[in-house]
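Hello,

Here is the structure we talked about. Please open it and keep it on screen while you read the notes below.

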Amino acid sequence: MSVISEFSFSKSFYALTLAALLSACSGTQDTENLYTALGGEAGVEEIADNFIMEIAYDDRVIAYFEDANVDRFRQFFIEHLCMLTDGPCVYTGDTLIDTHVGMNVTVAAFNAIVEDLMAAMNKAGIAIGTQNRLLARMAELREQIIQM
Amino acid sequence: MINTMKLSIAPYLLLVSLFVPCVSAHADGRIKGTGGVSSVSGAGGGGLIAWATLTSLASEQQRGFTAFTTYTDLDDFTLEVAGAAVNFNDRVELSYARQRFTIKANDAQIAQDKYGLKVRVAGDLLYGKLPQIAAGIERNRLLDPATARAVGAVDDNGTDLYVSAARAWIDGPFHRTSMLNVNLRYSKANQYGLLGYGGDDRDTRVQVEVAAAMFLTRSIAIGAEYRQKPDNLSALREDEATDVFVAWFPNKHFSVTGAYVMLGEIAGAAQQNGFYLSIQGAL
């Protein structure tokens, strides 16, 4: 039994090659520093302020922030964002594991926060491509936030 | 031959879909768009093939529900599909679809039921090292087997098995979130089973299916699909199926998908191309 007929194979091969080429493009490096693309200090502060407002009105996640000190959260979020985007900052807060341990962050809550951040960036006028550069870096941190 | 009752659930499903946005939802634990749309078999996916993604946006500890209806207008045929699916904990998906295929020349119709089960085995579409890997089974039964028998099919029912892997890159090509899905399917279906299962000219039992998609914005995705199909009947030629699509997700509870489908030769009619429109409501 031929598993894949010859004629069909050529077409699937083209489809796979096309897909491989497309995904290879994702390795393209952008020269612009991500912190700068987000608007530097002012941009990151605006995102942080919008983000806090989004969370405040989000019934899905607000319970997680009941005991949070908003000023402290704002400061460390800005520092962390700055560090994560190759900005000129040093993050002085606790590790993400320490800050999230015991919170039992669910998959749904994590994704709700991602949506709040997207909304915060939209309101700050951040282009979708720049948003995705940041979200991809943040996605790497997921395992430190959702303790499975 | 004409079975007016056979797609009678469609208007109700349409109604459900329209009212879905008005109902407060609890199964929205995943990012908009990551539940895909409803495929012609009823399983969560793209359009012509199932994907590794499970229907709706239900995440762990949530239950999601989708209903859809699809209309495809080809040169010599139409295909109407209506169905529904549930997702338990983003782990198990159960789906049902009723297909009604109409031959324009004589208004003859062939109806088919499709029942599906899909399990997310490992991984996640967006996060972590593993792609999302799912395994599925589709049980198909023709309600009008006469045509299938006439063209030499062996059975009027059949079972498809598939494994599927999907990976999305948040920061993909052009900094757009993009996805690649690859399936391996075991199937004896002739033209999705509408012309029965198996035949006198047994062809490959294992087929490759591929889909690629890209979110241009958070609400609009474009993409393409390819489905290899077996060619089991000596009397009739069967080709691969391909499509290009645009899907619009205005919110987490409703989507509209338009596609141009190229299905090749069907039942002796060459080069069957046409438009595909599908709407889905999700809870």
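**Helix contact in chain A**

In H4(A), the residues A:Phe77, A:Leu81 and A:Leu84 meet A:Leu134, A:Arg137 and A:Met138 of H7(A). Sorted by class, the contact between H4(A) and H7(A) has five nonpolar residues, one charged residue and no polar ones. Keep in mind that this is a predicted model.

To find the two helices, look at residues 70-84 of chain A for H4 and residues 128-139 of chain A for H7. They pack at an angle of about 100°, and their axes are 11 Å apart. Angles of 65 to 115 degrees count as roughly perpendicular, so H4(A) is roughly perpendicular to H7(A).

A:Leu134 deserves a click of its own. Setting aside neighbours within four places in sequence, A:Leu134 is in contact with A:Leu34, A:Leu38, A:Leu81, A:Leu84, A:Thr85 and A:Met121.

**The nonpolar core**

The largest nonpolar core has 80 residues. Which of them touch the most other members? They are A:Ile47, A:Leu117, A:Leu134, B:Tyr127 and B:Leu263. So A:Leu134 turns up both here and in the contact of H4(A) with H7(A), by way of the cut-off of heavy atoms within 4.5 Å. Helix H6 of chain A, residues 107-123, gives this core its largest share, nine residues.

**Strands in chain B**

Now turn to strand S10 of chain B, residues 206-215. Is S10(B) mostly covered or mostly open? Mostly covered: eight of its 10 residues are buried.

S10(B) has two pairings to look at. Strand S9 of chain B, residues 178-186, pairs with S10(B) in the antiparallel sense over nine bridges. There, B:Asn183 stands opposite B:Glu209 in S10(B). Strand S11 of chain B, residues 220-227, also pairs with S10(B) in the antiparallel sense, over seven bridges. In that pairing, B:Ala213 stands opposite B:Gly223 in S11(B).

**The hairpin loop**

S10(B) and S11(B) are joined by a hairpin through four residues. B:Thr217 sits in the loop between these two strands of chain B. Is B:Thr217 buried or partly exposed? Its relative accessible area is 35%, so B:Thr217 is partly exposed. Buried would need under 20%, and exposed over 50%.

One last pair to check is B:Thr217 and B:Phe249. In sequence they are 32 residues apart. In space they are 9.9 Å apart, C-alpha to C-alpha.

Best regards

Conventions. Residues numbered from 1 in each chain as written. Chains lettered and ligands numbered in written order. Predicted model: local features only at pLDDT ≥ 70, side-chain atom pairs only at ≥ 80, totals over all residues. Heavy atoms only, no water. Axes fitted to C-alpha atoms, helices over the stretch in contact; angles between N-to-C directions. Parallel < 35°, antiparallel > 145°, perpendicular 65-115°, else oblique. Nonpolar A, V, L, I, M, F, W, Y, C, P; charged D, E, K, R; others polar. Buried < 20%, exposed > 50% of the residue type's maximum accessible area, 1.4 Å probe, protein only. Pairing = 2+ DSSP bridges. Core = buried A, V, L, I, M, F, W, Y, C linked by side-chain atoms within 4.5 Å.
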